[in-house]
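Begin with the structure itself.

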Amino acid sequence: MKSIWFDIKMIFNSPNQGLKKLIAFNIFIFLVLMVGKVGLILAGHEQIFSALLEHLTLSSTPIIVLKEPWTVFTYFFIHIELFHLLFNMMFLFWFGIIIQDFIGNRRLVQLYFYGGLAGALAFLLAMNTVSFFIAKGPNFLNGASAGVFAVVVAAATIRPNYQVHLLLLGQVRIKYIAAFYVLWSFIETTGSNAGGNIAHLGGAILGFIFAQNCCLEADSW
């Protein structure tokens, strides 16, 4: 345990480790939430955990968001399912390395946050203006997916022909991976996780715009 704690301290005390810090912070928050959940359930206070989540995740109700504006940021660090966390962190790491190598550590972190905010905006707009989503009633958003989608699409925009090895498929260009997940998120906007998939698309759009601006700046040099 001492060795693990030392490794964590090294990440947070070292400069130019934005990608690892984002991943470590997401994992840390998840572990704190899960340990707290177990403790509260064993103590017979599961409702306290549910109430806590409501104050950390993003509500689709504008009045609640105005009362709890911090949820526009906190929601994209909150995961309550292990595989949701693992999927997001793996994609953040794989595609984040590409972004970090091309535009630097600081802009990678900016992109993650901007993507999360864009996802929140898309979620709130859709849930309060489109009759199909309004009919579904109030909803809550959590997870880093919007920020991760921003990173994925930005990487695919900057380095579209960069190849990664996928099990059973072999070498695949990342532009096809990004296109598949964006298309799948669009299809799933009418599914059970409509709000989450709308946030994915918001993050994806932001990632594309961010990458285009970065490419323009690079060309100007």
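## The cavity

Six residues deserve a look together: Phe87, Phe91, Val148, Phe149, Val152 and Tyr181 line the largest cavity. The model is a predicted one. The volume of this cavity is about 40 Å³. A search of the whole structure for cavities of 30 Å³ or more finds one.

The lining of the largest cavity is made of six nonpolar residues, with no polar and no charged ones. Helices α6 and α9 each supply at least two residues of it. The largest share comes from α9, with three residues.

## The α6–α9 packing

Two packed helices are described by the angle between their axes and the distance between the axes. Here α6 spans residues 82–103 and α9 spans residues 145–158. Their angle is about 40°, and their axes lie 8 Å apart. Angles from 65 to 115 degrees count as roughly perpendicular and those under 35 degrees as roughly parallel. The pair is therefore oblique. The crossing of α6 past α9 is left-handed.

On the α6 side, the contact is made by His84, Asn88, Phe91, Leu92, Phe95, Gly96, Ile98, Ile99, Phe102 and Ile103. On the α9 side, it is made by Ser145, Val148, Val151, Val152, Ala154, Ala155 and Ile158. By type, the contact residues divide into 13 nonpolar and four polar, with no charged residue.

## The largest pocket

What volume does the largest pocket have? The value is about 620 Å³. Its lining has 33 residues. Those nearest the pocket centre are His84, Asn193, Gly196, Asn197 and His200.

Several elements build the lining. At least two residues each come from α6, β2 (140–141), α9, α10 (174–187) and α11 (194–220). Which of them gives the most? That is α11, with six residues.

## Summary

Helices α6 and α9 supply residues to the lining of the largest cavity and to that of the largest pocket. They also pack at about 40°, in a left-handed crossing.

How values were computed. Residues are numbered from 1 along each chain as its sequence is written. This is a predicted model: local features need pLDDT of at least 70, side-chain atom pairs count only at pLDDT 80 or more; totals for chains, interfaces and linings use all residues. Side-chain values use heavy atoms; hydrogens and water are left out. Axes are lines fitted to C-alpha atoms, for helices over the stretch in contact, and angles run from 0 to 180 degrees between N-to-C directions. Helices (H or I, at least four residues) and strands (E, at least two) are DSSP runs, numbered from the N terminus. Angles under 35 degrees count as roughly parallel, over 145 as roughly antiparallel, 65 to 115 as roughly perpendicular and the rest as oblique. A crossing is left-handed if the near helix is turned anticlockwise from the far one by less than a right angle, and right-handed if clockwise. Contact means heavy atoms within 4.5 Å. Ala, Val, Leu, Ile, Met, Phe, Trp, Tyr, Cys and Pro count as nonpolar, Asp, Glu, Lys and Arg as charged, and the others, Gly among them, as polar. On a 1 Å grid over the protein atoms alone, a cavity is a set of points where a 1.4 Å probe fits but cannot get out, and a pocket is an open set with protein on both sides within 12 Å along at least five of seven lines; lining residues have an atom within 4 Å of a point. Grid points are joined across faces, edges and corners, and a volume is the space filled by probe spheres set on the points.
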